[in-house]
Amino acid sequence: MAATGIGLATAFGWLGQAFALCRGNARVLLGAASLLMLVALLPTMAQVLVESALQPSPGTRAVVQAIFSVISLLLFPPAVGGFYRIAHALHAGRPASAGELFAPFHDSAAMRRLIVANLIFVVISIVVIAGSALAFGGESLMEFLRAVAALKPGATQMPPLPDGLLPLMAVLLVLGLVIMTAQGLATAQVALTESAPAGAVAAGFRETGRHLGTFLLFYLPMAAIGFVLFMVLALVAVLVGTLLSVASPTLAALVVVPLTLVALLVIYALLFTFFYYAWRDTLGRDLAAPTLGQIAA
């Protein structure tokens, strides 16, 4: 498909293709999504266990948090690349398994490229957040963001809201969507080709900017639909949990928590599969997409 042919209908077409691929390969893609979620949560869970066991001082706790943050930055990007490879294989009609999510960990060059590409996006995100905060509120807004970041779990009182917060949130929402889209395209490019990280990141932002209106118009109704579905599911979960808790609080947790996890897994699978198809019609449109065997070789 030519780049000029990408419009709102195309974006909804990507979503339709993602639904179709997930529906036809639910076991593989939901299994891969569950492994991906586990990789995402594992460093945090390990950090909580270590802190609970050691009861470290504030300084030591900061070191522990830094260590597990680095571990997360090393583990998650290759796993995302593995998900894109699974989607690529299934689209091509090749049998795949959820365990292929870890294939990039056996390909040191691909693993390194995926990690570097993700680090570039981390730096860009930090610069965007800090730059936007300074532009819309100066030091007072930066102090607010630092105070929010320093809140301890269970805190019930937020710091006073500074001027410029609402414009900042609107700008960060748009910029966040731009960065998320560019990262989805760039990560697929790195995972499925031998593109250098910097070049893939630049190409991801270029294609996102070229079709920015399409992406934003697509995200707007998706956000509205997602909010409505979230509220409905939350209401159902609360009602079911309340009814079951009459019999047993444990029974309520055993029913509500798995349903919530299933919903998150479906969202995970659809999100990354959507970006796979977006990549095919943007960065991947002029490429003879390699097979997984060619990539591994």
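Contact is taken as heavy atoms within 4.5 Å. The model is predicted: local features need pLDDT of at least 70, side-chain atom pairs count only at pLDDT 80 or more, and totals for chains, interfaces and linings use all residues. Residues are numbered from 1 along each chain as its sequence is written, and side-chain values use heavy atoms, without hydrogens or water.

Helices are DSSP runs (H or I, at least four residues), numbered from the N terminus. Helix α3 covers residues 58-91 and helix α5 residues 165-192. Their axes (lines fitted to C-alpha atoms over the stretch in contact) lie 9 Å apart, at an angle of about 75 degrees. This makes α3 roughly perpendicular to α5 (65 to 115 degrees, on a scale from 0 to 180 between N-to-C directions). From α3, V80, G81, Y84, R85 and H88 meet G184, T187, A188, A191 and L192 of α5. The contact has five nonpolar, four polar and one charged residues, with Gly counted as polar.

The 34 residues of α3 should span 50 Å at 1.5 Å a residue. The end C-alpha atoms of α3 are 49 Å apart, which agrees.

A pocket is an open set of points on a 1 Å grid where a 1.4 Å probe fits, with protein on both sides within 12 Å along at least five of seven lines; lining residues have an atom within 4 Å of a point. Of its 14 lining residues, F76, V80, Q183, T187 and F272 are closest to the centre. At least two lining residues come from each of α3, α4 (108-149), α5 and α8 (249-281). The lining has 10 nonpolar, four polar and no charged residues.

Key:
Parallel < 35°, antiparallel > 145°, perpendicular 65-115°, else oblique. Expected span 1.5 Å × (residues − 1).
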